[in-house]
Amino acid sequence: MAEMSLEMKEERNHLLRESVKKIASTKVAKRAAEIDAAGAFPWDMAELFAQQGYLSVMLSEGYGGMDGDITAFCIIAEEIAYACGSSSLMILAHSVGLMPLMMAGTEEQKKRFYERVAKDHALAAFALTEPEAGSDAASLNTTAVLEGDYYLLNGRKCFVTNGGAADLYTVFVTTRPGERTKGISVFMVEKETAGLTIGKREEKLGMRGSDTTDLIFENAMVPKENLIGKEGGGWEIAMMTLNLSRPAIGAQAVGIAQGAIDFVLDYTTKRVQFGQKLADFQGVQFMLADMAMQVEASRALVYKAATLLDQKVYERDRMSAIGVDKLSAMAKCFASDAAMRVTTDAVQLLGGYGYLRDYPAERMMRDAKVTQIFEGSNQIQRAVIARNLLRKA
Ligand SMILES: Cc1cc2nc3c(=O)[nH]c(=O)nc-3n(C[C@H](O)[C@H](O)[C@H](O)COP(=O)(O)OP(=O)(O)OC[C@H]3O[C@@H](n4cnc5c(N)ncnc54)[C@H](O)[C@@H]3O)c2cc1C
């Protein structure tokens, strides 16, 4: 199939944004408060997103996907997050779970697993973090040992988004314990694998509809055909995945923050104190202006990083040389810090009502918080940015 021109891609992404906005406003927004209150995984949203193609956005058309790029992925993340953070997180974790396959999977693996996504609406998840290996992911100690036609996996993953809901898990293990990055390998693990159990569902501050669980491996038998890339190549795949996905976390943060701004604009033009609308006070106007500036700057950074990534620079050295890793980290870090400030100000501008569950601002603030923590905390993003800067100094 011929490559799409830049103009065609822009037009396609513009149309995609319009259609996602429509789905978000007509179908997702009305469920957001219920999803948060129930704290249960929204299967209706999963089905809706599968039907709309959001769960196969980056799969090629040959595999039943949208043939989209990172920009398209960010657009979906942003517009769904505008309406509901938990729902956008389902899409994010799923797509991140498929990225290692996208980058390093064989055609046979892609066909086998993508078919489950496109036809059976299988959900995916990304399992890197362990109880003793969070920011220091290279210290993970879930092991995989080859025995005949199977690798036997032993260990525990935690904080796995879509943990209980997913059918396919991208699991990072060590095949050479003690060798840190050099020993890490990655497997696609199917839910029905003997020896895999799903841990309890975590109760969370925000993103309460998102499903967060442990995965426990006890001599879990994973066919050797499910190794993605080569033994010892997992760390590179993990880092490239994070470079690709961080702009989308930034986009999620932008969506949540924009939702908060739009709600507050409406509220402050209606609420009257001291005989005038809140929005007529200059002190309030300055807050609104600061909120809007932060979100607009975040959006620019997110889509700049996405555009660079769309040049298909999926090699770690190249990513680093042209600064994509730095820009991805900046987009995630800046946008999530901004979303936290903006949503906190949104609560403030509603006064006491901002603190009530009757209004969406407090949910947005709770949902925004985790964007500063996952996919590498914002301290780790700053470390990535500084490392890149100092390498060139
Ligand atoms: C809701 C939710 C969903 C998640 N989803 C997933 C998922 O789908 N898959 C997955 O693999 N993981 C997931 N995570 C895990 C997440 O990526 C980790 O929580 C995160 O990387 C931080 O690790 P940690 O919690 O162990 O904190 P720690 O690493 O213990 O860090 C604690 C604090 O110390 C700081 N810190 C650590 N090291 C440094 C350093 N070198 N310099 C300065 N500060 C430092 C951190 O920034 C943080 O503030 C999720 C987490 C949450 C809360």
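Predicted model: local features only at pLDDT ≥ 70, side-chain atom pairs only at ≥ 80, totals over all residues.
Begin by selecting the ligand itself, whose place in the protein is the largest pocket. Then show the residues that surround the ligand, of which there are 17, with Thr 129, Ser 135, Phe 159, Thr 161 and Ser 377 being the closest.

Move to Leu 128, which instead uses a backbone N or O atom, placed 2.9 Å from an oxygen atom of the ligand. At Phe 126, a polar backbone atom is 2.7 Å from a nitrogen atom of the ligand. On its own the ligand has 980 Å² of accessible area, and the protein covers 63% of that area.

Now switch to a cartoon view and select strand 1 (124–127), strand 3 (150–161) and helix 11 (378–392), each of which contributes at least two residues to the shell around the ligand. Which of the elements gives the largest share of the shell? That is strand 3, from which three residues of the shell come.

Finally, colour domain 2 (125–228) and domain 3 (234–392) separately, and ask why the ligand can be said to lie between them. Both domains give residues to the shell around the ligand, and therefore the ligand lies between domain 2 and domain 3.

Key
Residues numbered from 1 in each chain as written. Heavy atoms only, no water. Near = heavy atom within 4 Å. Polar contact = N/O pair within 3.5 Å; in protein donor to acceptor, adjacent residues only side chain to side chain. Areas by Shrake-Rupley, 256 points an atom, 1.4 Å probe, with all protein chains shown as cover. 1 Å grid on protein atoms, 1.4 Å probe; cavity = no way out; pocket = protein on both sides within 12 Å on 5 of 7 lines; lining within 4 Å. Sits in = over half its atoms within 2 Å of the grid points. Helix = DSSP H or I, 4+ residues; strand = E, 2+ residues; numbered from the N terminus. Domains from an automatic or database assignment.
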